[in-house]
Amino acid sequence: MAPDAPAASPLTTGGRCAPAAIPDRPRGRRGAAAAELTGRRGRRHKDLPAPAHTYAVPERWRTEYGLRRYGFHGLSYSWALQRTAQALGRPVDDLQVMLVHLGGGCSACAVRNGHSVDTTMGLTPLEGLVMSRRSGSLDPGALLWLQRRHGLSTDELDDALHRQSGLLGLSSTSGDTRDLVRARAEGDAAAELALATFTLSCRRGMASMAASLDRLDALVFTGEIGEDQPEVREEICSALTVLGVRGELLVPELEDLMREGLRRIDQAGSGVPVLVVATGETQQIAVETRRVLGM
């Protein structure tokens, strides 16, 4: 089970805060279900290949401390993968796809034949893509430098990296892409830089996920930004031609997407299929609960 995940949802994170979501775990069959579901968020990544989950650090850190990549957004990815297979009319175990969850937390995941084979989040949800208020990946040497040269404490670093960084830190005004898109249109240079840095971070993360696939059958967006920010989707895809992805994406009405649950948004015949799947973590919890209870 992954360690502390300060900025992740208590209900679905695979960390120490998860049991608090079920304060008095019932005994018996339902209690077992509750216990299992507290760790489901990263479960999709439990079988990551060793090279994908292993950090290049001393063996003691890995064996005694359990330092490794765990990954998050497992519920979201499980839901999106099933919907994608249905939309493409292909079995899950015949697909190689890239799933991208963009919301308050952001990550990308490579799925080969139904199994997660790489993901951008790591030991905690702080690693990987630039996020709303989280920094994403940062040179560890920079943190040592801040501690030694400028005397920042561990608590100060923790607060800054989890709550004052990301889009908020870049723009100094907002961690919400909707606000930043409006501000950029009004000439706000900081908002422009924040969005450019964010979308480049997404492309970098997605390109790294492609290294674990033989082909790309589909690119799938989910999460609040992924489903409701067409400008971000366009700026990511239009600069990913190296992966066979094209821009000029269709923009579905949000109400239609929420009602139908999924829309294909690439221009027919233009390249890799691009889909948007409405966020389904709550629905996936229901699916997993029924499975655990044998319903």
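These legends describe close-up views of a predicted model.

**View 1. Helix α9 from end to end.** Helix α9 covers residues 189–210, a run of 22 residues. From its first C-alpha to its last it reaches 32 Å, close to the 32 Å expected at 1.5 Å a residue. At the start of α9, the backbone nitrogen of A190 has a side-chain oxygen of D188 within 2.9 Å. The buried residues of the helix include A191, A194, L195, F198, C202, M206 and M209. Also buried in α9 are T199, S201, R203 and G205, among others. An α-helix has 3.6 residues a turn, so residues three or four places apart point the same way.

**View 2. The largest nonpolar core.** This core has 41 residues, and L102, F198, M206 and L219 touch the most other members. Two or more residues each come from β1, β2 (106–112), α8 (177–185), α9, β4 (218–222), α11 (230–237) and β6 (274–277). The largest share, 8 residues, is given by α9. In soluble globular proteins, nonpolar side chains tend to be buried together.

**View 3. The surroundings of L219.** Not counting residues up to four places away in sequence, L219 touches M98, V100, M206, C237, V245, V272, P273, V274 and L275. A second, separate core has 16 residues, among them Y77, L81, V97 and L262.

**View 4. H101 in strand β1.** H101 lies in strand β1, which spans residues 96–102. H101 counts as buried because its relative accessibility is 6%, under the 20% cut-off. Leaving aside neighbours within four places in sequence, H101 is in contact with H73, S76, Y77, C106, S107, T222, G223, T279 and E281.

**View 5. I225 in helix α10.** Helix α10 (residues 223–228) holds I225. At 9% relative accessibility, I225 is buried. Beyond its neighbours within four places in sequence, I225 is in contact with L102, G103, T177, F198 and V232. I225 and T177 are 48 residues apart along the chain, while their C-alpha atoms are separated by 7.3 Å.

**View 6. Cysteines C106, C109 and C202.** C106 is buried, with a relative accessible area of 0%. C109 is also buried, at 0% relative accessibility. The cysteine sulfur closest to that of C106 belongs to C202, 5.9 Å away, which is too far for a bond. A disulfide needs the two sulfur atoms within 2.5 Å, and the count of disulfides comes to 0.

Notes:
Residues numbered from 1 in each chain as written. Predicted model: local features only at pLDDT ≥ 70, side-chain atom pairs only at ≥ 80, totals over all residues. Heavy atoms only, no water. Helix = DSSP H or I, 4+ residues; strand = E, 2+ residues; numbered from the N terminus. Buried < 20%, exposed > 50% of the residue type's maximum accessible area, 1.4 Å probe, protein only. Contact = heavy atoms within 4.5 Å. Expected span 1.5 Å × (residues − 1). Polar contact = N/O pair within 3.5 Å; in protein donor to acceptor, adjacent residues only side chain to side chain. Core = buried A, V, L, I, M, F, W, Y, C linked by side-chain atoms within 4.5 Å.
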